[in-house]
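This briefing goes through a protein model one topic at a time. Keep the sequence and the structure in view while reading.

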Amino acid sequence: MHATKALEEADRLMTVCNSCRYCEGLCAVFPAMELRRAFTDGDLNYLANLCHSCGACYTDCQFSPPHEFNVNVPQTLAKVRNESYKSYVWPRALAPLFERNGLAISLIAALSVGIFLFALVAINDPAVMFGVQTGPGAFYRIMSHNAMAGIFGAAFFYAIAALIMGFRMFWRDIGETRETVTNGVSVWQAMKDTMALRYLDGGGSGCFNEDDRPTDRRRFYHHLTFYGFFLCLAATSTATLYHYLLGLQAPYPWYDLPVVLGTLGGIGLVVGPAGLIWAKFKRDPALRDENGRSMEMAFTVMLFLVSITGLLLLVLRATPAMGTMLALHMGFVFGFFITMPYSKFVHGIYRFGALVRYAKEQRALHEPPPSKAKALSIPDAKAGA
């Protein structure tokens, strides 16, 4: 018996697919499935997070609806995947944040912080809030650097701690140990697969979304979002080094490295999430889990709003609107951080872990067994001689 109906259905489908094996060349899910004859909850959560939801197996399957076997792997694994996010959440009491109100909670948190920061500065010193601030340290006349670092650093490190605790539960549930995640070969292979979005190509033809015509649009939007996020992270890290090591205070000139990285990343995080939101609305209902849409939208919309307010702050930083835009941007950054462990952001972490495990399994499967001579120790070999 499994813990949920979605896990029960996933077990049934994996049993059917294990008998057919027509889709084994499409992605990593089916080769991983073929290594098992029975499926624990942990196995099914591993396979669900290994799935990239390209939809190719649904289109290619001879047993997909309306066939009586009703094999719908993308939708079923999406349900299992969304349930896994809630089951691994830390602290457990916050699991309801993955439910239907995810987007509302994220927006309320972001706007509340933004309005609070705006009101705090506007009431204390309206001349600073609504004046034109230029030159090094202009941002810190609105809000001190220590206050920014303290508030947003605390939110960021809380999110990191919650994500680590959730990943630990996932890792243990799928039966893995610390040795696997610290194995350089498996981790490097998983990194390459992640950076290339290797399994979001439908086995080579492309991803299926609204119909049976494969395209690379979802993969393209995912790439923009993925690399845009890391460019923005690189911009923030570079600015931190500028501030503490070089003594250079923001805002920086448009040609300086933090601004260039942040601008490129911000553009990626506007176009990518906008494309993903459009793709979600167009997606065939047969391929998606309707109960997980709010959680997905919360993550994507918050990324979009963080980026668009950041770009507007860059454009308006030498105008009287700078203070208002800074407060609004900081509010969305704070809201994104504190809701990050309770949004679709976690799928990237669990999926990477699943890819590490898959790389380990495939390496063990294809490595030649050690020869008899190598299996013997040197003293044993001498004794045998």
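Which residues form a nonpolar patch on the surface? They are Leu-241, Tyr-244, Leu-245, Leu-246 and Leu-248, which together have about 550 Å² of accessible area. The model is predicted.

**The surface patch**
- Tyr-244, one of the patch residues, sits in helix α12, which covers residues 217-246.
- Tyr-244 counts as exposed because its relative accessibility is 52%, and the cut-off for exposed is over 50%.

**Buried residues**
- Asn-18 belongs to helix α1 and is buried, with 13% relative accessible area.
- Leaving out residues up to four places away in sequence, Asn-18 touches Met-33, Glu-34, Arg-36, Arg-37 and Phe-39.
- Cys-27 is in the loop that runs between α1 (5-20) and α2 (29-33).
- The relative accessible area of Cys-27 is 14%, so this residue is buried; buried means under 20%.
- Cys-27 and Leu-200 are separated by 173 residues in sequence, yet their C-alpha atoms are 8.2 Å apart in space.

**Cis peptide bonds**
- The bond from Trp-90 to Pro-91 is cis, with omega near -10 degrees; Pro-91 lies in the loop between α5 (73-87) and α6 (102-124).
- Ala-250 and Pro-251 are also joined by a cis peptide bond, with omega about 5 degrees; Pro-251 is in the loop between α12 and α13 (257-282).

**Positive phi values**
- Asn-70, in the loop between α4 (56-60) and α5, is not a glycine but has a positive phi near 50 degrees.
- Asn-70 is partly exposed, at 37% relative accessible area.
- Leu-197 is not a glycine either, and its phi is positive at about 45 degrees.
- Leu-197 lies in the loop between α11 (184-196) and α12 and is buried, at 13% relative accessible area.

Notes
Residues are numbered from 1 along each chain as its sequence is written. This is a predicted model: local features need pLDDT of at least 70, side-chain atom pairs count only at pLDDT 80 or more; totals for chains, interfaces and linings use all residues. Side-chain values use heavy atoms; hydrogens and water are left out. Helices (H or I, at least four residues) and strands (E, at least two) are DSSP runs, numbered from the N terminus. Buried means under 20% relative accessible area, exposed over 50%, partly exposed in between (1.4 Å probe, protein chains only). Contact means heavy atoms within 4.5 Å. Patches are made of residues with over 30% relative accessible area and no salt bridge: like charges are joined within 9 Å, nonpolar side chains (Val, Leu, Ile, Met, Phe, Trp, Tyr) within 5 Å. Accessible areas come from the Shrake-Rupley method with a 1.4 Å probe; for residues, only the protein chains shown count as cover. A salt bridge is a side-chain nitrogen of Lys or Arg within 4 Å of a carboxyl oxygen of Asp or Glu.
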